[in-house]
Each structure stands twice: as structure tokens, then as C-alpha cells.
Amino acid sequence: MMLLVLLSALLLAGCHGVPEQKTKFTAVKVPAGEAVAVDAGFWKNAPSYELLELPKYVKRNPVTVQFAWDDEALYFRFEAVDDDIVDESPENQKNSLQLFADCLELFIRPQNSRGYWEFHFTAGGHFGGIHFPARGRRMPSDVVYRPMNGLEFKAQIIGTLNDFSDKDDRWIGLARIPFAGIADRCAPFSPGEPLLFQVTSVAYSAYADWDEMTQLTYIPETPVTPHYLPAWGLLEFKL
């Protein structure tokens with residue numbers, strides 16, 4: 001009887017496709033004395049990861065992401081090929097920038113934390129971070145950008161913004177996310193400790209015939225949402 005129960009549990013886990021181990025990704029250490037910029041030389045040695053196509057969505061253009069770190073912050077660099085760069089975000093928007101603009105979303109959670117962050121970075125340079133106390137407690141009152149000292153973001157556009165009469169090339173972003181800010185509202189952790197994370201890209205284009213969204217990790221036949229925590233990857237920090 002006990003064997004039957006164990007076999008049933010294993011089959012159930014297999015049906016949901018939940019892996020026993022997380023997919024691992026790497027953040028490289030920023031060389032001492034080198035400034036962190038979107039074109040800094042150390043990015044050439046940083047692994048680049050391309051986001052995946054998702055069911056029910058379209059992937060027309062590649063989006064790649066990279067990670068680096070120093071003793072104080074995580075650096076998130078990305079490059080999104082984009083033929084129609086859009087950002088109609090209202091000034092002082094308090095939440096949900098992804099509804100108004102081409103946007104990269106970065107989700108971060110310390111391994112010993114129930115709570116996690118959802119950061120938004122748009123083509124027009126808008127950004128903000130939302131904190132949820134837990135996956136099972138995402139209330140309307142939580143969906144607001146929280147102040148975070150040291151959170152920075154810059155976007156570089158190769159093309160024109162909000163002009164669908166021409167074709168654009170791409171936009172590149174670089175975010176600085178302080179470790180102290182991540183730990184705030186989450187559980188404490190030390191810089192260099194692996195973090196659970198997810199990345200999603202949302203794009204709008206006059207040349208697309210369907211909604212465009214891609215994601216860094218996805219488990220087939222599971223919910224298509226970045227809030228599905230079993231699909232998140234593990235970000236490791238290389239010295």
C-alpha cells in the first residue's frame with residue numbers, strides 16, 4: 001500500500017512537470033575598479049540567456065539577458081530586438097508599467113523568503129519594484145511601487161520611441177538592484193548567496209498580429225505566468 005502511494009505521488013509530480021532541481025544561471029563579478037555601464041567590457045565574459053517562447057503567445061524577436069554583481073548590488077542587463085519601440089507610461093505611474101510599454105520584468109526571491117519582488121523596466125526608462133508577502137498573498141494593496149534606495153535603471157533606444165510609421169532596431173537596458181533593497185521586506189541574505197528568479201518580456205508592436213510575451217524558464221503544461229514559482233531559475237554568483 002505504501003509503495004502504491006509513493007508511486008502515485010511520483011506520477012503526480014511528473015504530470016505537473018515540476019523539476020527536482022532548478023535551472024541554474026550565472027552572474028559574473030564586476031572587476032574591481034571597473035565602472036558598470038551597458039557597454040562595459042566585462043559583459044563580453046558574462047553568459048547571455050535568451051528568453052523562451054510561451055504557449056498562447058508569440059515570439060517574433062529575441063530578448064537576451066545577462067547578470068553581474070558586486071558587494072552591494074545585482075546588475076541586470078538586457079537587449080530586446082524590437083521593430084516598434086513603445087512606452088506610453090504616464091508620469092509617476094504607481095504600478096503595472098507593463099500595461100503601457102515594452103517592458104522587462106525581473107522577479108527575485110531569496111531562497112529562505114516567502115516574499116518576493118517584481119521589478120519593471122521599460123523602453124522609455126521608467127522603472128519600479130512591487131513586493132508581494134507571498135505567492136498566496138498577492139492583494140491589490142500590494143500592487144504599488146515601493147521606494148528602494150539605490151535602485152537605478154537606464155534604457156538605450158536604437159530607433160524611435162512611440163512612432164509606428166517606421167521600423168526600429170532594438171532597445172537595451174541596464175538596472176542596478178541593491179542587495180539591501182532586495183532583503184528589505186524579504187528575509188536577510190548575504191551578497192553572493194544564490195537567488196531564485198524569473199524574467200519575462202512584454203512587447204507591443206504595430207507589426208505583431210498577437211500578444212508578445214517571452215520568459216526565461218518555463219515548464220511545459222504548467223501555468224503560463226511568471227508567478228508560478230516552481231518554474232523559477234536559480235541565479236548563482238561567480239567570483
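The largest cavity in this predicted model has a volume of about 150 Å³, where a cavity is a set of points on a 1 Å grid over the protein atoms alone at which a 1.4 Å probe fits but cannot get out. Of the 20 residues lining the largest cavity (an atom within 4 Å of a point), Asn-61, Val-63, Ser-201, Ala-203 and Glu-212 are the closest to its centre. As this is a predicted model, local features need pLDDT of at least 70 and side-chain atom pairs count only at pLDDT 80 or more, while totals for chains, interfaces and linings use all residues. Residues are numbered from 1 along each chain as its sequence is written, and side-chain values use heavy atoms, with hydrogens and water left out.

**The cavity**
- A search of the whole structure turns up 1 cavity of 30 Å³ or more; volume here is the space filled by probe spheres set on the points, with grid points joined across faces, edges and corners.
- β5 (73–81), β11 and β12 each put at least two residues into the lining of the largest cavity; strands are DSSP runs of E, at least two residues, numbered from the N terminus.
- By class, that lining has 10 nonpolar, 4 polar and 6 charged residues (Ala, Val, Leu, Ile, Met, Phe, Trp, Tyr, Cys and Pro count as nonpolar, Asp, Glu, Lys and Arg as charged, the others, Gly among them, as polar).

**The largest pocket**
- The largest pocket comes in at about 340 Å³; a pocket is an open set with protein on both sides within 12 Å along at least five of seven lines.
- Gln-98, Leu-99, Glu-105, Val-202 and Met-213 are the closest to its centre, out of 22 lining residues.

- β9 (152–158) and β10 (170–178) each supply at least two lining residues, and β9 gives the most, with 5.
- By class, the count for this pocket is 8 nonpolar, 1 polar and 3 charged residues.

**The overall fold**
- The C-alpha atoms fill a box of roughly 65 × 45 × 40 Å along the principal axes.
- Buried residues (under 20% relative accessible area, 1.4 Å probe, protein chains only) make up 47% of the 239 residues.

Key. Helices (H or I, at least four residues) and strands (E, at least two) are DSSP runs, numbered from the N terminus. Buried means under 20% relative accessible area, exposed over 50%, partly exposed in between (1.4 Å probe, protein chains only).
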